[in-house]
Amino acid sequence: MSRPDFGTIGSTVSACEGVVNYLKPYLEATGPGADRLIDRVQTVERHIGRFNEPGDIKYWMGNRDGGIRICAQRVVSMRREGSLIGTIEFVAFVFCADQFGYAKDQRAEVIAGRLATALMLTGGWRGTGASKAPEGVRMDNLYTTSIDKLGLAIWSVTWRQDWPLDNPIDPATLDDFLRMNWRAEQGDGSPVCEANITVPGPTP
């Protein structure tokens, strides 16, 4: 049986991927010596929702020393201007561990500042598909003792931005599903079985 088509018209999926693609060159560490770029992270990617609970972070973190997860929190208004335009409230969660003797809280705040600056670059959004530049950019420290016990610090950057909501998504452009977390609770008082599983990639 063939896989049915799935239209994403009226959703924020394309907009969120557009934000990710815009921010990657500014914030993602790539190339030789990437592991020594203290003010960058290993990966910038879309997330399905809020990302500030210790359990969620523990599952996703794995062997990373930092990352940025970007989600569309809500669409606060919608209108028709030839296409369907939505004012989207985005949140980028910046989380970091200590690295090369640099404190996690300092890394997270500095990288959040780099992200906020990238959002506000004059003319930076031309050609990205965005209908307007970001507005209302703000940063928040999401410190909690439970997150600190994981060896992490988290800052968030929040903004509003107008994007088309009727851009279709090509499934071929979405990230491969290559890693998952498995957890089984067998009963009260029983040990919890938990593992991070790497899924075999596509055969060349």
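## Helix H1 and its surroundings

The buried residues of H1 pack against S1, S2, S3, H3 and S5, where contact means heavy atoms within 4.5 Å. Helices (H or I, at least four residues) and strands (E, at least two) are DSSP runs numbered from the N terminus. The model is predicted: local features need pLDDT of at least 70 and side-chain atom pairs count only at pLDDT 80 or more, while totals for chains, interfaces and linings use all residues. Residues are numbered from 1 along each chain as its sequence is written, and side-chain values use heavy atoms, with hydrogens and water left out.

Eleven of the 15 residues of H1 are buried, so H1 is largely enclosed by the rest of the structure; buried means under 20% relative accessible area, exposed over 50%, and partly exposed in between (1.4 Å probe, protein chains only). Among the buried residues are Val13, Cys16, Val19, Val20 and Leu23.

## Sheet architecture

Five strands form an open sheet in the order S1-S2-S3-S5-S4, with mixed pairing; two strands pair if DSSP finds at least two bridges between them. Strand S1 (44-46) and strand S4 (135-141) stand at the edges with a single partner strand each, so one side of each has no neighbour in the sheet. S4 and S5 run antiparallel and are joined by five bridges. Glu135 has Arg160 in S5 as its bridge partner.

H1 lies across S1, S2, S3 and S5, running at about 175° to S1. H3 also packs on the sheet, touching S2, S3, S4 and S5, and its direction makes about 15° with that of S5. Axes are lines fitted to C-alpha atoms, for helices over the stretch in contact, and angles run from 0 to 180 degrees between N-to-C directions.

## Nonpolar cores

A nonpolar core is a set of buried Ala, Val, Leu, Ile, Met, Phe, Trp, Tyr and Cys residues joined through side-chain atoms within 4.5 Å. In the largest, of 31 residues, Leu23, Ile68, Ile70, Leu115 and Trp159 touch the most other members. H1 (13-27), S2 (66-81), S3 (83-96), H3 (104-119) and S5 each supply at least two residues of this core. A second, separate core of ten residues includes Ile57, Cys71, Phe93 and Ile154.

## Ser156 in strand S5

Ser156 belongs to strand S5 (residues 153-164) and is buried, with a relative accessible area of 5%. Beyond residues up to four places away in sequence, Ser156 touches Val91, Ala92, Phe93, Arg138, Met139, Asp140 and Leu142.
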